[in-house]
Amino acid sequence: MNAPPQPHSNQHTQRSPLPPAGQRDSFFDNAKYLAIVLVAMGHVWEPLREGNRTMGVLYMVVYAFHMPAFIVISGYFSRSFAFKPHQIKRLLSGVVVPYIVFETAYSLFRRWAHEPDAPISLLDPWYLTWFLAALFVWRLTTPMWRSLRHPLAVALAIAMLATVSPKIGNDLDMQRALQFLPYFVLGLCLKPEHFKLVRTWRMRTLALPVFAAALVVGWWAKGNMNTAWFYHRDAAQELGGDWWIGPLMTLGMFGCSVLLTACFFAWVPGRRLWFTALGAGTISGYLLHGFLVKGGIWFGWFDHDLARGPMGVLLCTALAVAVVTVLCSAPVRTALKPVLEPNLDRFFREDEAAARAARTAAPAEGPGTADRSRVPAGV
């Protein structure tokens, strides 16, 4: 009598690195949420780190990888960008319109609360809006990077040259866009198996001594290194160094940031958790929390002795996590949808070829035929 079929062993049923087509990947949503939490924490720590070496070290370590992690993910989800009509529409509605709205809003807030004569200029991004301006430039150049034989080497060369060019100017914060460019190009070069490679228990175990070493290096660097290097917004000469230091710092910081980003990804859960859905709303959390942080700085909220003590720092950190979590929630995202995801169909001609193809394919479409390129990268 034949034995009943046995279930497949684990070695033959390894989880696919990608979810079914058309379904959001919990890993990336988790990574985006955790990264935006680190961004909010870093911004709250900034006014609290003076005179507190521990806070200064934590600030440096977090700043070494939180934006690189965001940018790598953005590059990864930009791989299919090829100037198709729906992609252009998505770029304008998801990047350009939010940039215009929030650059204007931040400028008006700055005028009202702190600097009455502050300029309003869409060409000179202020505070958090630099990322949207840079993302617009990076995504427009995606087809070029996808066609090069060694795109990452070229991007690194451009970033190195940017650090020796103090006259690049402030238009669209191009200095920062060029210095962060290699992380976006790295994302373009990555494949699902690369993320699967770092999501193992061995890598998670190795990540612990790496982060410990980063804290040790940060302790040494505190007071010996200008933290402005982590912002990637100035040339070497503007930071008080010789021109040749810029390229060396670019390579050194790129290596450190990629290593820490890989360690961060190693500890990001791949399963669906209570905060997974918040990963779809990180753009609202990113753009809104800056008003509270800047307001707190200008109105003196962080100047109280209570805020600078150990319990005060913990409370401020907890509040930052709680606030950015609320700002990433579905109700906030829905309320801001006319700004963050406006419907621009009436401004575009109908793409007849795409519509005809959709009508032809409609009867055969199923849950596995959705366009994976439409999964938004967000922030």
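A residue counts as buried when its relative accessible area is under 20%, as exposed when that value is over 50%, and as partly exposed in between, using a 1.4 Å probe and protein chains only. Keep that in mind as we start with Arg 176, which is buried, with a relative accessible area of 11%. The model here is predicted, so local features need pLDDT of at least 70 and side-chain atom pairs count only at pLDDT 80 or more, while totals for chains, interfaces and linings use all residues. Residues are numbered from 1 along each chain as its sequence is written, and side-chain values use heavy atoms, leaving out hydrogens and water.

Arg 176 is found in helix α8, residues 174–189; helices here are DSSP runs of H or I with at least four residues, numbered from the N terminus. Setting aside neighbours within four places in sequence, Arg 176 is in contact (heavy atoms within 4.5 Å) with Tyr 127, Trp 130, Tyr 231, His 232 and Arg 233.

Now look at two other helices. Helix α4 (residues 85–113) packs against helix α12 (residues 282–298) at an angle of about 15°, and their axes are 11 Å apart. Axes are lines fitted to C-alpha atoms over the stretch in contact, and angles run from 0 to 180 degrees between N-to-C directions. That makes α4 roughly parallel to α12, a label for angles under 35 degrees.

Terms used: Angles under 35 degrees count as roughly parallel, over 145 as roughly antiparallel, 65 to 115 as roughly perpendicular and the rest as oblique.
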